[in-house]
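Welcome, and please have the model open while you read. We will walk through it together, one region at a time.

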Amino acid sequence: TPLFNAASPVGRSIRSVAEGENVRNLMTTVERGLSRIGSTSRSMLSGQYKAIPDVGSDDPEEGGGKGNEETSDVAAPPALVEDLYPEANEQERKLLETLDEIVEKATPDIALPRIEAEDLGPPLSFGDFAGSLKVLTTALVVTVVSALVVIGSNSAVMAALFPYYACFLTFVASIPATRDRFMKQVGAVLAQIQDTKEMISEMVQGVSDKGIGFVHSVEDNLNKVLEPMRSEIDKVTKLEKALQKIDPSIDIPDVSDLEKKLDDAEDSIVSIFDTVNWAIDLNRYFPKPLRSSVHFDMYIFFPTLLVFLILQLVATGAATGKTAAVAGSWKPISTSFQTYFAMVLQLGISFLATNTVFLARRINTVIESIEKDIRNILDSKVGPVFKDILVDRMKDIKEHMLGLIRKMEKIEGPMKKLNSMKMPKSLKQLKVKVPKVEVPIVEMPQVEVPKMDVPSVPSFKGF
């Protein structure tokens, strides 16, 4: 009818639907062309700078025909993630890259920094040593004056007691300088030890945070990958029988296994580090004298002073025991200088013992021992947990993810074929708008029919 002929609007709409297959074929050709261009771009990014062929050209120099393909002499960079996982999309590649990075960095370890001599203060100088001799030199002057008094008294008893008097006086005079030197250096040592303790705690916690951060990163990326897949899998599940008729080897993917891989991962890491923190006793690693200034005085300073005093008294006794004290002798003068130089030597030993280079080496020895012990604890306690969660499970997730991508890719073709097989059943499903056709109303003229007189027929009674 004229309503449905090729020139009418309805006819054109039906013809456009019938030509939809040609449009789909055209789109398929365009997609293939774009895919080829994309693969060429990826090969260029991976270091193979091949010429893009000129369609329809047979000139080898223009990249067409069968000419020799020239490549750049520039060395190809390492393989990109796109080259490692070409079948994955951007979000899936990000997840796979994260899994590879976690497996590579899953070893629990710490590395404590060492202390430099400069961290403990300026190096030993002669000016510092000379400044510490002020009080001791004042004590020398006092002992010399006292020696003159003893000589002038002409007393044998005072002459016999004077060496011990001079020894004790100069020893007391050396205590402030010795104390100041010890506390100045020990204060820096104690500060460094406190910083090291805090650093150890932070590093151990950092290992825990790194493990938990890896788990969260995988969970986030996994959810972003699976979220769009779930709707597709739901559609595929409803069409499972139809798809298997097209390809019997089709297997509907199941993402529940992936989601369960990390269910208890974070709790396991938190639990094992509670055990690790209990096993690491920071005070146990450092010697008692270096735990506080009180411990240092108790275990180092006062015992050292006592040893110095005993040595001085023993040396004084040995020196005076050889010769008897003589009244009026000038020996007290020489004794004053002997005790003075003995205390200068004692003070020099104190300065050398607190030398920053020596102290830094001793502290670094302790730090090295601590680092080794903590690494052993991490390897024995955290190592198996990290291997299970951050290595074995991550490898399983990667394997399942690659299998899931392949399954979805395998289903894609049959799904397109199945969708193309669904044809519309009515014009309503075709969504064709039928134009309204107005039919004109023709008014017919009224025709009057003339009345005709019909003669009456007599009735016959008896019939």
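A nonpolar core here is a set of buried Ala, Val, Leu, Ile, Met, Phe, Trp, Tyr and Cys residues joined through side-chain atoms within 4.5 Å. Buried, in turn, means under 20% relative accessible area. Please keep in mind that this is a predicted model.

With that in hand, look for the largest nonpolar core, which has 68 residues. The members that touch the most others are Phe273, Ile374, Leu390 and Met401. At least two core residues come from each of these helices: H4 (90–104), H7 (156–238), H10 (265–279), H11 (282–285) and H14 (356–421). H14 gives the largest share, 25 residues. A further core of 22 residues lies apart from this one, and Leu133, Ala139, Leu309 and Tyr340 are among its members.

Which residues does Phe273 touch, once those up to four places away in sequence are set aside? They are Val204, Val207, Ser208, Leu378, Val382 and Phe386.

## The overall build

The protein is made of 15 helices and has 0 strands. Of its 463 residues, 32% count as buried. If you take contacts between residues at least 6 apart in sequence, 84% of them join residues at least 24 apart. The exposed surface comes to about 30100 Å², with carbon and sulfur atoms supplying 59% of it.

## Two loop residues worth a look

Leu120 belongs to the loop between H4 and helix H5 (126–131). Is Leu120 buried or exposed? Its relative accessible area is 3%, so Leu120 counts as buried. Beyond four places in sequence, Leu120 contacts Ile115, Gln185, Ala188, Val189, Gln192, Thr356, Leu359, Ala360 and Ile363. One of these, Leu359, is 239 residues from Leu120 in sequence, yet their C-alpha atoms are 8.2 Å apart in space.

The other residue is Asn154, in the loop between helix H6 (134–153) and H7. Most residues other than glycine have a negative phi. Asn154 is not a glycine, but its phi is positive, at about 60°.

## Aromatic rings and charges

The model holds 7 aromatic pairs. In one of them, Phe182 and Phe296 are tilted, with 5.9 Å from centre to centre and 40° between the planes. Phe182 sits in helix H7 and Phe296 in helix H12 (residues 293–321), so this pair ties together parts that are 114 residues apart in sequence. Both Phe182 and Phe296 are buried. Together with Phe301 and Phe302, they form one aromatic cluster.

Elsewhere, Arg284 places its charged end over the ring of Tyr285, 4.6 Å from the centre.

## How confident is the prediction?

Across the protein, pLDDT averages 75, and 71% of the residues score at least 70. Among the elements, which has the lowest mean pLDDT and which the highest? Helix H1 (residues 9–18) is the lowest at 45, while H4 is the highest at 90.

Two stretches call for care when you read the model. Over residues 1–23 pLDDT stays under 50, and the model gives this stretch 17 contacts beyond four places in sequence. Residues 425–430 also stay under 50, with 4 such contacts.

Definitions and conventions:
Residues numbered from 1 in each chain as written. Predicted model: local features only at pLDDT ≥ 70, side-chain atom pairs only at ≥ 80, totals over all residues. Heavy atoms only, no water. Buried < 20%, exposed > 50% of the residue type's maximum accessible area, 1.4 Å probe, protein only. Helix = DSSP H or I, 4+ residues; strand = E, 2+ residues; numbered from the N terminus. Contact = heavy atoms within 4.5 Å. pLDDT = per-residue confidence, 0-100. Areas by Shrake-Rupley, 256 points an atom, 1.4 Å probe, with all protein chains shown as cover. Phe/Tyr/Trp six-rings, centres within 6.5 Å; stacked < 30°, edge-to-face > 60°. Lys NZ or Arg CZ within 6 Å of the ring centre and 35° of its normal.
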